[in-house]
Number of protein chains: 2
Amino acid sequence: MTRATVVGAGMTEFGQHDRPLTELFADAAIPALADAGVGTDEIDALYFGNAMGGQTETDTHLAPAIGTHLGLGGVPCQRFEDACATSSTAFKQAVEAVEAGVHDTVLVGGVERCTPATGLDTAAMTEVFASATHRQYEQPTGLTFPGVFALFTKRHMHEYGTTEEQLAAVAVKNHRHGKANPYAHFGKDVTVEEVLEGPTVADPFRLLDCCPFSDGASAVVVTNPERAETVAGEPVAVAGVGHRTGTVPLAEKESLTATRPAREAATEAYDQAGVDPDAIDLAEVHDCFTGAEVLATEALGLIEDGRGGPAAAAGRTERGGEIPVNPSGGLKAKGHPIGATGTGQIAELTEQLRGAAGDRQVENATRGVAHNLGGDAATTVVTVMEAVA
Amino acid sequence: MTRATVVGAGMTEFGQHDRPLTELFADAAIPALADAGVGTDEIDALYFGNAMGGQTETDTHLAPAIGTHLGLGGVPCQRFEDACATSSTAFKQAVEAVEAGVHDTVLVGGVERCTPATGLDTAAMTEVFASATHRQYEQPTGLTFPGVFALFTKRHMHEYGTTEEQLAAVAVKNHRHGKANPYAHFGKDVTVEEVLEGPTVADPFRLLDCCPFSDGASAVVVTNPERAETVAGEPVAVAGVGHRTGTVPLAEKESLTATRPAREAATEAYDQAGVDPDAIDLAEVHDCFTGAEVLATEALGLIEDGRGGPAAAAGRTERGGEIPVNPSGGLKAKGHPIGATGTGQIAELTEQLRGAAGDRQVENATRGVAHNLGGDAATTVVTVMEAVA
């Protein structure tokens, strides 16, 4: 099978942006097209992700507005929504469309605004986010996402002895990583003490265990290997994309710590790529909360089951460590503009595997994995990318 | 290329339903699976459409909840949103996935609740719908969808002399068709006089020129021809699917009456099927307003440009006429549960092309076309289906 390649990537800074979703997306898409050296007239389709525009700013059916704004000239434009994995399912579909020969070159990306720039405060935005939990069995209980991931993490602490200090080590690492990333929402170091002294959001998470609400956009250009040879953008190969959906609500899960869909999606992606986890040089994982990174590193086979906490505390997942995790700063420090997070991870892997990640570059990075979750660890997309020799 | 086939179809009655979106969707999906003779363990993916659940009932990220409710066992489940064309883009993607060999068998469908069963009255729901118009250039003017399609239609009246009586004839025909459809929201005849005497919604549309707000769900099972031979459901072939996106807002369109994306999507679908419009035996078109059907019959090449109004008034588009349009009753009488409308059209074509449409059967139907719009005639999907000899 012809595998797809990424030949261009672009991002806005993740943070607070007071401008319309169409324009904010263009701030990522135009740099992605420029990076690829591809004109809008060479784009065959737009696969676009936005999770909550209807609820946050009365803006749905965004794909045609964005297609018009970018001047894509009537090609098929469509929107995907799978909560925090929104632009990863768009990316998966684009990769499949290119591999099948349905399209030669696809612009893929996502955009979201989650900060008070929308006019919604933290309490209101938390409720909007919670629309992605189970409508009948979770929302009536008042469960929101800090609680969902706190339950996963408490169980991990119970089963494996993971500690709050180990969770804090994840935050400290990702803040340190994010400080080197010009796109990151947060640019300062934090200490384990500062994390542990923060106010409790949902036990065991303190404020600094939680990713921020961010505004931002990300975009990549996906094309086939033949076309990739003719454009200016340095290609990075998409070696595998796995997608699995977990059962919801939480009570339906066979295990709260093993996150089955992540394991199955990873197996699918690794199998497509023909590699084992030990062939991975860096990972961008969905650390919406510090505990989520611990579970993710285990589900991806990068760290032994139950050892995610100690591994973070020992520096094994540090840039320069055994397996660098979230060299971008992750959702924790880079930020989490829901619909933009998935292709933001792909953009980061693209830069890293080109050796173009500047101060945050992982040395000798030839193969990376991205892991993006939606909802109660339900939608899970795992992508393996490789430098092109 | 291997073309996909539909081997099962199911629908709820379109009307008012006071139950959760997950359960309402199952009321269409379970009959579709039973019709196909396919078990949930044989479904490789769920491609699912819902347009407004976040805004209407705080319910997003629905695909995993539906996958769990149906017992799909962790296969990839994802949501699409493209306004009123939501489940048609899901269907297009499913067809492409089957044709590419990514999946063997996909469950595709959509669900929506738009009636006061959601707790929202007509005014509030009209505002929710309007989130699919242009956020910067249309919403601030107070333009809602009756106004959007009134502008299209007024221009058609200006260019071609289309009359209010001709528009009313579309409503009369579709109500008559709908009376024979057990799934239809409306089951009674109306007269031209009744239409013309109704209250004005947006000039030239009277109340009975407008489709209703409906609740409902629809689902189809898509598989490859090899698999189709082994299942119980009678197959209907997907001969072509075209998808084009128009520019928005209205002011960006080169013509308000020619609906360019519909013409281009139709050409793409006909080309894939290797047929001309005169080979089409029946059409299900997006008659959200009577004027929209007039434009659609012309864009699809079924009626000469400018003659859509007189054709309806002369009975050319009647069941039993030259080219039956909306034998189901269309959006006008069958109803319009946004996310369910696209695959509802596919379900209708499936029944018609099997010769199993009962009282509303079009005689000698061997090839049909479906036309589904989203937004300001922006997202447009045209599908050609054929009976399998």
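I started with A:Pro204, which sits in the loop between β5 (200-202) and β6 (205-206) of chain A. Strand here means a DSSP E run of at least two residues, helix an H or I run of at least four, both numbered from the N terminus.

Housekeeping before going on: this is a predicted model, so local features need pLDDT of at least 70 and side-chain atom pairs count only at pLDDT 80 or more, while totals for chains, interfaces and linings use all residues. Residues are numbered from 1 along each chain as its sequence is written, and chains are lettered from A and ligands numbered from 1 in the order in which they are written.

Back to the proline. I checked the bond from A:Asp203 to A:Pro204 and found it cis, omega near 15 degrees. Then I looked at chain B: B:Asp203 and B:Pro204 are joined by a cis peptide bond too, with omega about 15 degrees. B:Pro204 lies in the loop between β5 (200-202) and β6 (205-206) of chain B.

Next, phi. Most residues other than glycine have a negative phi, and most peptide bonds are trans. A:Asn326 has a positive phi of about 55 degrees and is not a glycine. I placed A:Asn326 in the loop between α12 (308-313) and α13 (330-333) of chain A.

Buried or exposed, A:Asn326? It counts as buried because it has 31 C-beta neighbours inside 10 Å; the cut-off for buried is 20 or more other C-beta atoms within 10 Å of its own, with C-beta atoms placed from the backbone.

Last entry: B:Thr259, also not a glycine, has a positive phi near 35 degrees. I found B:Thr259 in the loop between β8 (236-245) and α10 (260-273) of chain B. B:Thr259 has 26 C-beta neighbours inside 10 Å, so I logged it as buried.

Terms used:
Buried ≥ 20, exposed ≤ 12 C-beta atoms within 10 Å, placed from the backbone.
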